[in-house]
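Please keep the sequence and the structure in view while reading.

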Amino acid sequence: MTDWIVLSVVAMGAVAGALGSTLGLGGGVFLVPFLRQALGLPAAVASGISLTTVIATSSVVSARTAGRQLINMRLGMLLQVVTSAGGLAGGLAAQAFSDRTLDLHFSAVAAVVAVVMLSRLERRNVICDLSVAPGRLGGRYHEQESGGDVVYRLKRLPLALAVALVAGSISGLLGIGGGILIVPALNAWCGVPLRAAAATSAFMIGVTAVSAAPVYYAEGKILLPLAAAAVLGVVAGSHVGLRFGDRARAKWLKLLMAMVLLTVSILTLVRTR
Amino acid sequence: MNDDRRELPFLLMEQRLGRLLAVGVITSSTLFAVGLATEMVAAGLLSTLLLHAGLLVLMATPFARVIVSVVEYVREGDWVFATATLAVLAVLAGTVVIALRIAWLG
């Protein structure tokens, strides 16, 4: 393992972290194909390393957003029951599946993520009448744009749970955060404003990753020097992304990254032949 | 108004968790940085230990977060969510047990 490889992982981690925190997802979906295709690591190793960066991203972003009541802790904890169960199952499955099977799954998920990124659905979902109760699973927080407090209520809990289960399983199986599936679902279908959905998701994915990571660790799939390099890169990158991110919510960045992911998806698929 | 007063302990918990997460990230990052540097200069037992320690702290951070949540929900008598959080903790404990078995028998 040359120093150059280690440095390239730090660099890629930084890119993934910056992109991730700017676009509101963990960088795993960009890091995994780099580790797998560019560095030629086995699929489970790529996923294992990426999973550690998901933990790091989650912790960094949550530490930053904590205390503003943006994170819906109750909703997060409730969904967490199924995401972590899915994560564990996914993590165990990953040890048994072949590289080819994991690659095929990744290719499919990358394509889905690209499509989700390209779709323009964003619901505001806030209720401005503050006398409305948020209920156990809704929330209330201070919204910067309008300068006041807003309220929201959760809708379709069973659907949220179903999505959480799928996202958790994919997370454990492929080493990505899963937030990219949770956030749009919560926002588009469950009545959660985008910011709250993103904050809650960032909070959740760390626990989901930890439901799978120990299994990867025990199987020796987390190559330490590379994992350390990736985490350091991602932590640095996500700080940069958090600072400059808001402005760069530019549509073009999302479009570009969606294209990159589609390319990655096709590349991964082609290489399984 | 009443709602907000009852929410205060949870807001404090949220802030406490934020600090906990920050400590976890800083500690594991430091261990990783030193471990990685050592590994690249003079790879050996020390660098390996530092790297593994960093990973363990990293993985322990969300764990700690769940435990703090359980304690807080129990303290506030919020049994529904205390149960949910305990369920999550059970899954995480299960992962650790399975991992230990794999490491032991592997």
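In this predicted model, α5(A) and helix α7 of chain A, residues 179-189, have axes that come within 10 Å and cross at roughly 35 degrees. The crossing of these two helices is left-handed. On the side of α5(A), the residues that take part are A:Val112, A:Val113, A:Val116 and A:Met117, and they meet A:Ile180, A:Leu181 and A:Pro184 in α7(A). By class, this contact has seven nonpolar residues, with no polar and no charged ones.

Helix α7(A) also packs against helix α8 of chain A, residues 194-218; here the axes come within 9 Å and cross at roughly 145 degrees. In this case the crossing is right-handed. From α7(A), the contact draws on A:Gly179, A:Ile182, A:Val183, A:Leu186 and A:Asn187. Their counterparts in α8(A) are A:Leu194, A:Ala197, A:Ala198, A:Ser201, A:Met204 and A:Ile205. The residues of the contact between α7(A) and α8(A) divide into eight nonpolar, three polar and no charged. Two packed helices are described by the angle between their axes and the distance between the axes. In those terms, α7(A) meets α5(A) at roughly 35 degrees within 10 Å, and α8(A) at roughly 145 degrees within 9 Å.

Rolling a probe the size of a water molecule over the atoms shows where empty space is left. How many cavities of 30 Å³ or more does the model contain? The count comes to two.

The largest cavity holds about 80 Å³ of space. Three helices of chain A, namely α2 (28-38), α3 (43-65) and α5 (99-118), each supply at least two residues of its lining. The largest share, four residues, comes from α2(A). The lining includes A:Val32, A:Pro33, A:Arg36 and A:Gln37, together with A:Ala43 and A:Ser47. Also in the lining are A:Leu102, A:Asp103 and A:Phe106, as well as A:Leu174 and A:Thr268. By class, the lining of the largest cavity has six nonpolar, three polar and two charged residues.

The second largest cavity has about 50 Å³ of space. Its lining consists of A:Leu25, A:Gly26 and A:Val29, together with A:Ile176, A:Gly177, A:Gly178, A:Gly179 and A:Ile180. These residues divide into four nonpolar, four polar and no charged. Two residues of this lining, A:Gly179 and A:Ile180, return the reader to α7(A): A:Ile180 is among the residues that meet α5(A), and A:Gly179 is among those that meet α8(A).

Chain A has 10 helices and two strands, arranged along the sequence in the pattern α-α-α-α-α-β-β-α-α-α-α-α. Its C-alpha atoms fill a box of roughly 60 × 35 × 30 Å along the principal axes.

Chain B has three helices and zero strands, and reads α-α-α along the sequence. Chain B has a radius of gyration of 18 Å, well over the 13 Å that the globule rule gives for 106 residues, so chain B is more spread out than a compact globule. Along the principal axes, the C-alpha atoms of chain B fill a box of roughly 60 × 30 × 10 Å.

Conventions
Residues numbered from 1 in each chain as written. Chains lettered and ligands numbered in written order. Predicted model: local features only at pLDDT ≥ 70, side-chain atom pairs only at ≥ 80, totals over all residues. Heavy atoms only, no water. 1 Å grid on protein atoms, 1.4 Å probe; cavity = no way out; pocket = protein on both sides within 12 Å on 5 of 7 lines; lining within 4 Å. Points joined across faces, edges and corners; volume = space filled by probe spheres on them. Nonpolar A, V, L, I, M, F, W, Y, C, P; charged D, E, K, R; others polar. Axes fitted to C-alpha atoms, helices over the stretch in contact; angles between N-to-C directions. Left-handed = near helix turned anticlockwise from the far one by under 90°. Contact = heavy atoms within 4.5 Å. Rg over C-alpha atoms; globule rule 2.2 N^0.38 Å.
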